[in-house]
Every structure is written in structure tokens, then in C-alpha cells.
Amino acid sequence: MVVCYCDCQPMDDVMSDSDSLDHEMDGETESFDTEPHPDLYRHGRRYSLTHLREHPWPIDEIEKDRLDDQHVLLRELFGERLYHAPIESPRSVLDIRTGTGCWAMECAERYPSSTVRGIDIVNMQDQWVPPNCEFWVDNLCEPGWHTQYAGIDLVHINQVRGDRQLLSLLLEGSSSCLTPGGWVEIWDMSVQLDDPGENSPFHRYIRKMTTAFARDGRQIDLPLQFGAALTQHGFTKVTEYNYNIPLCTQGCDELTEKIMQNWTAGLEGYSFTLLEKYLGKTFAETVLMCASARRALKGKIEGNLQIQVVYGQKPG
Ligand SMILES: C[S@@+](CC[C@H](N)C(=O)[O-])C[C@H]1O[C@@H](n2cnc3c(N)ncnc32)[C@H](O)[C@@H]1O
């Protein structure tokens, strides 16, 4: 079975049978990257040049490893659940903004009779995937992205990075491709400071990132509005879970430390492009700011890294 689609064109349409991109080996299917992705290298990090506007963050091995580790840590935080919505064995699943595809692949392995599709603008998923898992390359910023998906009973979305317009497109699309009674579940994280005006290097870093996000049309604490957004889009039984991770990387419980260390390991990648573009920060200034923020977290900062999980049901 061909698993990789580019620009929404089934590869069957552009490849003859003899050219088929599909190779099966030991029950796994090989997913090919068929689209040339021009890369942008900056300060030793790799970005997608074509999609820098939609995704101004690195897509390199460093970030992929960090996201894979984050997936394992969040799963542990969630008591080994892959999702919270009350659906026992989803048959047809979409993982939107799938990234490395680790959630999608694990979902496919856990529910072998389901079909799991991961969608991302960049093909950065593993080459070998379970036979019931597919990855599609698709731009979710395009209105109507959802028209080729139907009969879905679970849509999983992790991390919209403050993009309110995208959130709306994703929820509209999810509502349209879900089967009646199907579920959408969205996760993300945001920093909640007890006293946002404080003058620690961490507080200063968060204030700068809040400004840079806003100038990029993003809202850094958008996850706080997920519940309301689901309701506005017609979902019912909207349920929220908030996991509060103390802001410290030393002297807390092991899982907290690991989650915070994973999060802080991503600070530079998270910041470079936006701080340079909107606040004129040089590479060295951003490195210094991130290092100082990280150092401040070795002591305790009053507040939390809040991990929001919100799910809702499409009315039957
Ligand atoms: C922070 S990563 C999250 C990856 C994954 N959900 C996880 O938690 O590990 C966000 C992903 O969104 C993808 N993305 C950004 N803009 C997109 C768009 N317009 N359409 C589809 N995917 C997009 C990026 O390529 C990236 O893989």
C-alpha cells in the first residue's frame, strides 16, 4: 500500500505500478519522502525553507529526538494513555501535525485493527511504519484540507504553537471529517507564571517570547482557550485536564525534572527565528538569554509549565 502522498496527490496518480513506492518488509511498510524539501541551515540548525512561515522551528535530528523523548514523557505523565477521550478502540484515527509520527505509530501498534494517518507539512517521519499507519504530507493552513478525510472517530492534535487561525481551521476540519459521535483531542503546553512581572532571566525570556509570538500573529497562552474553542466549534462533552509541572529542573520529582529538562533543551530552537525576526536578537544574544533562563530554572520559579489536554465530541 502506498503511504506517502505529496501536495495531496495520491502517489498512485503519478507513479506507474512498476515504479511503486511501496515496499513491504516484515509486516512494516516503507514510507518514502518523495517531495524535495529545500532546507535552510542557520546556526547549525535545519529548517524547512518552504514552510518557514508556518513553522519557524527546526526540523532536524536534534528536534526530532527531543520530540520523541517528549512523547515518551507525556505518555508517562498521562498514565500510559495515548489519549483521554472516552473511546475504547478507535477504528480510524488522524494525528494532525504528526511531527516525527511517534504518537501515530504507537497508536497504530496499540490498536492493530485501526487505521492511523499522520499528517504534517514536512515529511520527517520514520521510514518504516506499522502496516496500519500512513503518513500524508498536507498543509493544514489551507482551508478545505479536511475534504479528503472522512469517517474518522478520533482526531489527535498536539501543539499548535499559538496559532489561533490554524486552531480554528483544525477544529473546523476535524468537525467535518469526524463521524458523528467521534472525538477530537488537543494537547499543548504554556508557561503560567505566578508573577509575570518579576525580573528573573526566566521571566524576561518569557516576556520576550510572548512579544515575538504576538508579532508573528501567535498567542503564547492559546492552550488556555482550547476548551472555549472546542465549544465554539460545536463540540460537546468538552473536558479539560491540566497537568501542572513545577518550573524547576533540579530537586523536584524525577518525571518533573525530565519533562522540564526536555522542554528547556528545546529553548534555543524555539526562540532563534522569532527573536531574530521580531526583536532583532543576534544568535549570541538568544543563546545567552536561553542559557540564563535555563540557569534560573535550577532554582525554583513560581509558576507552572501547564500541559493542557482538552477533548470534545462531535454531536451524533
Ligand atoms: C511541535 S511539532 C509537533 C509534533 C508532534 N505532534 C509531537 O508532539 O511530537 C509541530 C509540527 O507541525 C507541523 N506543521 C507546522 N505547520 C503545519 C501546517 N501548516 N500543516 C501541517 N503541519 C504543520 C510541523 O512540521 C511540525 O512537525
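Predicted model: local features only at pLDDT ≥ 70, side-chain atom pairs only at ≥ 80, totals over all residues.
Trainee: How do E10 and E11 run, and how many bridges join them?

Mentor: Pairing is read from the bridges. E10 and E11, the latter covering residues 178-193, run parallel and are joined by six bridges. Within that pairing, Leu154 has Trp183 of E11 as its bridge partner.

Trainee: Which residue stands opposite Ile157 in E10?

Mentor: That position belongs to Ile96. The strand concerned is E6 (residues 92-96), which runs parallel to E10 and is joined to it by four bridges.

Trainee: Is strand E10 mostly covered or mostly open?

Mentor: Burial is counted residue by residue. E10 spans residues 152-158, and seven of its seven residues are buried, so the strand is mostly covered. For the chain of 316 residues, the buried share is 39%.

Trainee: Which residues have the most contacts inside the largest nonpolar core?

Mentor: They are Ile152, Val155, Leu170 and Val184, in a core of 65 residues. Take Leu170 as a case: apart from neighbours within four places in sequence, Leu170 is in contact with Ile96, Leu140, Ile157 and Val160. Ile96 and Ile157 are the pair that stand opposite each other between E6 and E10.

Trainee: Which residues come nearest to the ligand?

Mentor: Start with the shell, then its classes. There are 16 residues around the ligand, and Leu67, Arg97, Gly99, Ile121 and Leu140 come nearest. The shell has five nonpolar, eight polar and three charged residues.

Trainee: Why does Glu240 count as partly exposed?

Mentor: The class rests on a neighbour count. Glu240 has 15 C-beta neighbours inside 10 Å; buried would need 20 or more, and exposed 12 or fewer. Glu240 therefore counts as partly exposed. Glu240 belongs to strand E12 (residues 236-247).

Trainee: What is Glu240 in contact with, leaving aside its neighbours within four places in sequence?

Mentor: The contacts are Gly227, Gln308 and Val310. Val310 lies 70 residues from Glu240 along the chain, yet their C-alpha atoms are separated by 4.4 Å.

Trainee: What percentage of contacts between residues at least 6 apart in sequence join residues at least 24 apart?

Mentor: In this chain the figure is 70%. The secondary structure comes to nine helices and 13 strands.

How values were computed:
Residues numbered from 1 in each chain as written. Helix = DSSP H or I, 4+ residues; strand = E, 2+ residues; numbered from the N terminus. Pairing = 2+ DSSP bridges. Near = placed C-beta within 6 Å. Nonpolar A, V, L, I, M, F, W, Y, C, P; charged D, E, K, R; others polar. Core = buried A, V, L, I, M, F, W, Y, C linked by C-beta atoms within 7 Å. Contact = placed C-beta atoms within 7 Å.
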